Amino acid sequence: MASHCFCSAGSLFTTSSSSIHTKVEEKWLGSFPLKRRNLVHLRLSNGIKTRAALNAADSKSVEIPRKWYNLTADLPVKPPPPLNPRTFEPVKPEDLSPLFPDELIKQEATSDRYIDIPDEVIDIYKLWRPTPLIRAKRLEKLLDTPARIYYKYEGVSPAGSHKPNSAVPQAYYNAKAGVKNVVTETGAGQWGSSLAFACSLFGLGCEVWQVRASYDQKPYRRLMMQTWGAKVHPSPSTITEAGKKILQIDPSSPGSLGIAISEAVEIAVMNADTKYCLGSVLNHVLLHQTVIGEECLKQMEAIGETPDIIVGCTGGGSNFAGLSFPFIREKLNGKINPVIRAVEPAACPSLTKGVYAYDYGDTAGLTPLMKMHTLGHDFVPDPIHAGGLRYHGMAPLISHVYELGLMEAISIPQTECFQGAIQFARTEGLIPAPEPTHAIAATIREALKCRETGEAKVILTAMCGHGHFDLPAYEKYLQGNMVDLSFSEEKIKASLANIPQVVS
């Protein structure tokens with residue numbers, strides 16, 4: 001089945017509407033009295049149309065997936081189930097119903113290989129999908145490497161990142177179920193702004209708890225959410241019991257994604273007309289993000305390339321899973337054999353320093369227990385600039401894939417990441433968000449190894465968003481004021497001591 005789907009686009013993809021491209025051309029022709037060659041130049045110069053920089057393939061031949069891919073169906077060993085924290089029994093659908101609509105609960109537990117993408121969701125995806133696959137020729141030249149570097153750029157979405165890939169279907173399913181309001185957490189604000197955007201399209205109320213460190217560092221993300229109609233609170237807040245408890249212990253707490261999740265979940269379970277949305281970690285979120293990898297497989301096939309190494313940043317894992325899972329499917333089928341490498345911040349290294357155990361997904365212990373690589377649900381990472389990666393755990397499905405030996409992981413400190421980001425920006429022109437700078441730094445490491453060995457490897461990396469609202473972090477780096485924040489072994493030991501003891 002998977003082999004057939006890799007070779008045949010018909011069952012997985014829908015052709016991008018040529019009428020959309022025609023309308024765009026008519027718009028430009030009506031606004032600018034230019035010859036067609038100049039029109040093409042305009043399209044290359046416009047940020048939304050950078051998909052034309054594919055360097056080999058006609059962008060109109062790239063298709064939007066019609067199905068999301070569920071890696072669980074193809075794994076040789078199925079992942080451990082989430083557990084009810086009171087009974088330690090596998091979670092039942094009714095346990096999740098206070099938080100999620102029925103369709104998302106079904107997707108969370110499904111063993112089906114593919115899930116149809118609703119037409120209403122595809123219509124919205126067409127605002128920015130397919131996203132471009134771009135060869136970083138100028139970066140290759142700077143590094144003097146024989147490696148060929150490609151990046152899949154998700155920053156062309158309305159919110160500027162990959163997050164709308166899941167925000168849109170989550171808003172759609174909630175609206176379809178008659179939900180009036182949704183609540184969520186956000187770190188850097190990429191997820192919160194994406195959900196606010198999606199809710200504005202479906203007429204849903206949206207309330208966001210943003211990690212305090214990022215709330216202060218990134219005011220324009222907050223304004224973006226508010227522009228799309230969301231209410232935004234710094235987390236920890238005095239609105240929830242979870243937030244109040246944290247502030248009693250540490251009035252100056254920088255917050256964490258785990259704390260923000262606790263606050264949003266608390267509000268959701270207290271209000272019958274409100275559901276909770278999550279931007280990463282859970283299976284249905286990773287499922288939605290596979291549109292990235294499904295597109296990328298076809299784009300690389302169109303230009304005759306096969307990746308030798310695939311690199312992506314990891315916090316909760318949505319971007320990494322979105323790119324890598326379809327490639328893991330092909331690896332399991334024996335079609336390709338790339339190294340698949342996750343890159344996490346040195347200050348929050350859940351895969352490389354955490355333990356694989358059942359733990360809560362939030363700080364207050366309101367969520368089900370999930371088996372994942374964790375630093376302990378009490379762990380509050382230092383306020384690094386990659387706010388979207390400050391999460392104590394890793395997606396259970398990614399953790400399971402890591403345990404099966406299908407991928408590897410490294411951690412990189414933030415100064416090296418920003419050094420790579422500057423090199424990338426000054427060659428490729430795009431300013432990366434702090435999160436994908438981790439993948440860029442790892443890509444540069446690999447490219448420099450290729451320079452030493454003479455290997456012409458094909459490196460594929462995930463460029464999950466732009467950094468236009470993260471410029472204070474760049475200012476700090478450029479002024480020489482950025483420092484590497486490392487985790488404390490004592491801090492992690494104390495946090496790990498509070499992990500629930502589950503015999504699995």
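A crossing of two helices is left-handed if the near helix is turned anticlockwise from the far one by less than a right angle, and right-handed if clockwise. The model shown is predicted, so that local features need pLDDT of at least 70 and side-chain atom pairs count only at pLDDT 80 or more, while totals for chains, interfaces and linings use all residues. Residues are numbered from 1 along each chain as its sequence is written, and side-chain values use heavy atoms, with hydrogens and water left out.

**View 1. Helix α16 and helix α18 in a left-handed crossing.** The axes of α16 (residues 318-332) and α18 (residues 396-403) come within 12 Å and cross at roughly 45°, which makes α16 oblique to α18 (under 35 degrees is roughly parallel, over 145 roughly antiparallel, 65 to 115 roughly perpendicular, and the rest oblique). Axes are lines fitted to C-alpha atoms, for helices over the stretch in contact, with angles running from 0 to 180 degrees between N-to-C directions; helices (H or I, at least four residues) and strands (E, at least two) are DSSP runs numbered from the N terminus. F320, A321, F325 and I328 of α16 meet L397, I398 and V401 of α18, contact meaning heavy atoms within 4.5 Å. By class, this contact has seven nonpolar, no polar and no charged residues (Ala, Val, Leu, Ile, Met, Phe, Trp, Tyr, Cys and Pro count as nonpolar, Asp, Glu, Lys and Arg as charged, and the others, Gly among them, as polar).

**View 2. Helix α19 and helix α20, roughly perpendicular to each other.** The axes of α19 (residues 414-428) and α20 (residues 437-453) come within 8 Å and cross at roughly 80°. The contact is made by E416, C417, G420, A421, Q423 and F424 of α19 together with T437, H438, I440, A441, I444 and R445 of α20, and its residues divide into six nonpolar, four polar and two charged.

**View 3. Positive phi at F88 and D144.** F88, in the loop between β3 (67-69) and α4 (93-96), has phi near 60° and is partly exposed, with a relative accessible area of 40%. D144, in the loop between α7 (137-143) and β6 (148-153), has phi of about 50° and counts as exposed at 55% relative accessibility (buried is under 20%, exposed over 50% and partly exposed in between, with a 1.4 Å probe and protein chains only).
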